[in-house]
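Subject: That protein model, plus what I found in it

Hi,

Here is the structure I promised to pass on. Have it open in your viewer while you read the rest.

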Amino acid sequence: MKLVVDNICKNFTNNKGTTLSVLENINLTVKKEEFVALVGPSGCGKSTLLNIIAGLMDSTSGQVYFSDVENGRSPAMGIVFQDTGLFPWRNVYDNIAFGLEALNLPKPEQMDIIEHYIELVGLKGFENSYPHQLSGGMRQRVGIARALAINPDLLLMDEPFSALDAQTRTIMQEELVALWEKTKLSTIYVTHNIQEAVLLADRIVLLSRRPGKISRILNIDLPRNERENPENATIIANFVDAIWQHISKDARAALMEVEDNG
Ligand SMILES: Nc1ncnc2c1ncn2[C@@H]1O[C@H](COP(=O)(O)OP(=O)(O)OP(=O)(O)O)[C@@H](O)[C@H]1O
Ligand SMILES: [Mg+2]
């Protein structure tokens, strides 16, 4: 299975009738077992692109499709939102059950799946807790378990850890790496944290702002489980630095544009 994002453009028209071009000619493929991070400044259209890929929003032009589908069925997508999107009136178990309910699985099979993912994300013992009784990191784990439980072909994550404190975020990143090594799910991960992208992704897609265009794609050719190794600290720092140089050049160019127009 391969996700193909083919020349996606997206315009928004505000209530004064002015049209804003948010995404321009986005071309991207995500291969099987590939982890792609989408990095760009606030407002560059990352969530818009993710929503279009998820089928939650229409594009103005272009298309998103899957090629090389192996089993003939239309691929399923698991989505983890920034604010987790959990139902406050459902406990952990029932929140994870949500996506499975639509699949009409026999109850015992559904139970096995839910228990498996509760275990996988380390929430055993919290099945009956409600979202308000959990920490931010635990809520994110419920969101991740819910997305994984439907056995998606593609996992879409929109800044899932951005609301967490730095320590919890580091722990969750490490857990995500471990989880990813077990599932190897094709993933698109939105973040504006460069360090996080370099630790997690096989490829990093940089989006520029106004209009959102792909400005660069980088391969992080270092095995994921060696990236925290102090011996590789310089390599990681060089990647982070290269991306920062690239993005800050973009930001300066945008600033000049504003000054010229003003
Ligand atoms: N429904 C909408 N109607 C009009 N404009 C919109 C709509 N959704 C997003 N936009 C505009 O499109 C641009 C991109 O928004 P988007 O949420 O995709 O950015 P983002 O890269 O995810 O930003 P952030 O990092 O802050 O989450 C912004 O300028 C935003 O104001
Ligand atoms: Mg966003």
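Below is what I found, going from the whole chain down to single residues.

A bit of housekeeping before we start. This is a predicted model, so to speak of local features I needed a pLDDT of at least 70, and side-chain atom pairs count only at pLDDT 80 or more, while totals for chains, interfaces and linings use all residues. Residues are numbered from 1 along each chain as its sequence is written, and chains are lettered from A and ligands numbered from 1 in the order in which they are written.

**The whole chain**

The protein chain has seven helices and nine strands. Helices here are DSSP runs of H or I with at least four residues, strands are runs of E with at least two, and both are numbered from the N terminus.

Of the 262 residues, 31% count as buried. A residue is buried if 20 or more other C-beta atoms lie within 10 Å of its own, exposed if 12 or fewer, and partly exposed in between, with C-beta atoms placed from the backbone. Take the contacts between residues at least 6 apart in sequence: 72% of them join residues at least 24 apart. Two residues are in contact if their C-beta atoms, placed from the backbone, lie within 7 Å.

**Two domains**

The domain assignment gives domain 1 (2-75 + 153-261) and domain 2 (88-150); such bounds come from an automatic or database assignment. Ten residues from domain 1 and seven residues from domain 2 make up the contact. On the domain 1 side, helix H5 (residues 166-183) gives the most, with five residues. That side has eight nonpolar residues, two polar and no charged. (Ala, Val, Leu, Ile, Met, Phe, Trp, Tyr, Cys and Pro count as nonpolar, Asp, Glu, Lys and Arg as charged, and the others, Gly among them, as polar.) The C-alpha centres of the two domains lie 26 Å apart.

**The three-stranded sheet**

One open sheet has three strands in the order S2-S1-S4, with antiparallel pairing. S2 and strand S4 (61-67) stand at the edges with a single partner strand each, so one side of each is left without a neighbour in the sheet. Strands pair if DSSP finds at least two bridges between them; strand S1 (residues 2-13) and S4 are joined by six. Across that pairing, Val4 stands opposite Tyr65 in S4. Helix H1 (residues 46-54) packs on this sheet and touches S1, S2 and S4, with its direction at about 125 degrees to that of S1. Axes are lines fitted to C-alpha atoms, for helices over the stretch in contact, and angles run from 0 to 180 degrees between N-to-C directions.

**The six-stranded sheet**

Another open sheet runs S5-S6-S7-S3-S8-S9, with mixed pairing. Which strands are at its edges? They are strand S5 (77-80) and strand S9 (214-219), each pairing on one side only. S3 and strand S8 (residues 203-207) run parallel and are joined by four bridges, and Leu38 stands opposite Val205 in S8. H4 packs on this sheet, touching S5 and S6, and its direction makes about 170 degrees with that of S5.

Strand S8 also holds Leu206. Is Leu206 buried or exposed? Leu206 is buried, because 22 other C-beta atoms lie within 10 Å. Gly40 is 166 residues away along the chain, yet the C-alpha atoms of Leu206 and Gly40 are separated by 5.7 Å.

Most residues other than glycine have a negative phi. Glu33 has a positive phi of about 60 degrees and lies in the loop between strand S2 (19-30) and strand S3 (35-39). Asn151 has a positive phi too, about 55 degrees, and sits in the loop between helix H4 (136-149) and strand S6 (154-158). Glu33 is partly exposed, with 13 other C-beta atoms within 10 Å, and Asn151 is partly exposed with 14.

Cheers
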